[in-house]
Amino acid sequence: MLPAAGIYHFPWEINSASVSEGKTLRTFGRLQSYDMVSSQAILTSQHASVQHCIRVCTKFVEPFQAQLGSLYVALGEAEFEEGEAMVLKARVFTCVEGMNLQLLEKAIEEQRKYFQERKKNPEGSNS
């Protein structure tokens with residue numbers, strides 16, 4: 001069976017209670033650091049004057065050319081290690097430098113609205 005496609009989560013939503021163990025998710029951020037030996041990367045994102053960090057396990061996507069400071073999109077499963085914050089076990093880790101972050105955030109919001117409307121009206125617009 002294929003893994004789930006993953007729902008977009010803003011980086012500032014990831015360490016909240018909305019993300020549960022094993023949940024497939026997509027997110028984005030700037031590559032702050034990458035440790036090839038431990039297969040760990042840190043993505044950061046600024047929101048409302050707060051810097052948010054996401055730890056990413058990269059062992060399933062290596063080798064890759066790490067471009068520190070560049071924008072990345074990650075897709076993977078959330079895992080919680082004992083006594084530590086959530087780690088995203090990446091299946092996809094793509095550099096998307098040059099992407100317009102404001103448009104990406106707007107697209108995520110529009111997608112969420114669409115899915116909420118679809119839940120409210122499961123029959124769709126078949127009439």
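## Largest pocket

Helix α2 contributes the most to the lining of the largest pocket, with 6 residues. Two or more lining residues come from each of β1 (7-8) and α2 (101-120); helices (H or I, at least four residues) and strands (E, at least two) are DSSP runs, numbered from the N terminus. The pocket's volume is about 310 Å³, a volume being the space filled by probe spheres set on grid points that are joined across faces, edges and corners. On a 1 Å grid over the protein atoms alone, a pocket is an open set of points where a 1.4 Å probe fits, with protein on both sides within 12 Å along at least five of seven lines, and lining residues have an atom within 4 Å of a point.

Among the lining residues are Y8, H9, R26, R112 and F115. The lining divides into 4 nonpolar, 4 polar and 4 charged residues, with Ala, Val, Leu, Ile, Met, Phe, Trp, Tyr, Cys and Pro taken as nonpolar, Asp, Glu, Lys and Arg as charged, and the others, Gly among them, as polar.

## Aromatic cluster

Y34, F64, Y72 and F93 form one aromatic cluster. Rings of Phe, Tyr and Trp (its six-membered ring) pair if their centres lie within 6.5 Å; planes under 30 degrees apart are stacked, over 60 edge-to-face and the rest tilted.

The centres of F64 and F93 are 5.3 Å apart with planes at 75 degrees, so this pair is edge-to-face.

## Basis of the model

The model is predicted: local features need pLDDT of at least 70, side-chain atom pairs count only at pLDDT 80 or more, and totals for chains, interfaces and linings use all residues. Residues are numbered from 1 along each chain as its sequence is written, and side-chain values use heavy atoms, with hydrogens and water left out.
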